[in-house]
Amino acid sequence: MHIGIIMDGNGRWAANKGFPRSFGHRKGAKQVSEIIKSCPKLGVKTLTLYAFSTENWNRAAHEVSSLMRLFRGYLQTKYLEIIRNNIKVTFLGDTNPLPNDILMQMKNLEKDTALNDGFYLNIALNYGGRDEIVRSTKKIVRDVLSKKIKTNEINEDLFESYLDTSNQKNPDLIIRTAGEKRLSNFLLWQTTYSELFFSDKMWPDFSPNCLAEAIENFNLRVRKFGKEKQRIKKPVSF
Ligand code: IPE
Ligand code: IPE
Ligand code: MG
């Protein structure tokens with residue numbers, strides 16, 4: 001099962017307690033580790049975390065740099081733990097505008113975990129769903145022009161293989177915290193048939209128990225993918 005999480009509400013969590021927003025982000029990063037640890041027990045095989053959107057650059061410069069510092073520190077301190085736990089890390093998003101040293105950390109982590117298969121962790125960093133679709137389109141055009149593929153070979157499967165999530169299953173469930181009910185440019189292509197779950201908890205308060213509740217709720221749902229209600233028995237053939 002693949003779950004995507006829009007981790008929202010760090011700023012409000014901190015403000016409600018009279019702390020600066022950066023403190024909320026730090027607490028949010030701690031919560032990320034708790035949630036990752038709980039995933040295997042809950043039957044989650046892939047987790048995609050929305051860490052920084054293409055629109056988040058529009059925040060105050062000091063908040064953006066405190067987030068970059070946090071990513072840098074997180075990748076450094078968790079490096080060995082991730083490798084030891086057989087986690088494969090993939091970054092989603094446009095890496096170009098990120099600071100060089102963070103980019104190197106990301107590349108090394110992807111390379112050093114490429115063969116891991118215990119758990120799949122996608123981190124969406126400078127990610128935007130529209131940006132991903134535009135970047136994929138450019139790659140397809142490049143391959144058409146260089147005659148690697150033909151225009152009439154372009155279909156949904158081929159397009160999907162050019163996305164940052166190529167070769168991955170689409171998310172079954174998307175969770176958003178902090179009471180907001182929107183996607184904010186998260187996985188626009190991949191969420192076509194994902195179930196959505198909204199929690200009022202701020203991200204730093206979203207515990208493994210809250211994740212378990214979201215999964216329980218998901219398990220009660222009937223997914224139809226455009227068909228009539230799922231049949232229990234196979235249809236009679238004539
Ligand atoms: C989510 O928390 C973290 C990021 C977007 C990086 P916010 O920082 O959006 O928290 P609120 O929504 O302002 O409370
Ligand atoms: C979405 O949260 C992005 C991440 C969680 C990284 P935002 O807080 O940026 O989204 P909006 O601005 O409320 O839509
Ligand atoms: Mg927010």
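**Ligand 2 and its pocket: exercises**

Ligand 2 sits in the largest pocket (more than half of its atoms lie within 2 Å of the pocket's grid points). The model is predicted, so local features need pLDDT of at least 70 and side-chain atom pairs pLDDT 80 or more, while totals for chains, interfaces and linings use all residues. Residues are numbered from 1 along each chain as its sequence is written, ligands are numbered from 1 and chains lettered from A in the order in which they are written, and side-chain values use heavy atoms, without hydrogens and water.

**Exercise 1.** State which residues surround ligand 2 and how they divide by class.

*Solution.* Step 1: a residue is near a molecule if one of its heavy atoms lies within 4 Å of it. Step 2: the residues surrounding ligand 2 include Ile 6, Met 7, Asp 8, Tyr 50 and Arg 182. Step 3: this shell has 5 nonpolar, 4 charged and 2 polar residues (Ala, Val, Leu, Ile, Met, Phe, Trp, Tyr, Cys and Pro are nonpolar; Asp, Glu, Lys and Arg charged; the others, Gly among them, polar).

**Exercise 2.** Find polar side-chain atoms beside oxygen atoms of ligand 2.

*Solution.* Step 1: a polar contact with the ligand is a pair of N or O atoms within 3.5 Å. Step 2: Asn 56 places a polar side-chain atom 2.9 Å from a ligand 2 oxygen. Step 3: for Arg 59 the distance from a side-chain N or O atom to an oxygen of ligand 2 is 3.2 Å. Step 4: for a polar side-chain atom of Arg 176 it is 3.3 Å.

How values were computed: A polar contact is a pair of N or O atoms within 3.5 Å; within protein, one must be able to donate a hydrogen and the other to accept it, and residues adjacent in sequence count only if both atoms are side-chain atoms. On a 1 Å grid over the protein atoms alone, a cavity is a set of points where a 1.4 Å probe fits but cannot get out, and a pocket is an open set with protein on both sides within 12 Å along at least five of seven lines; lining residues have an atom within 4 Å of a point.
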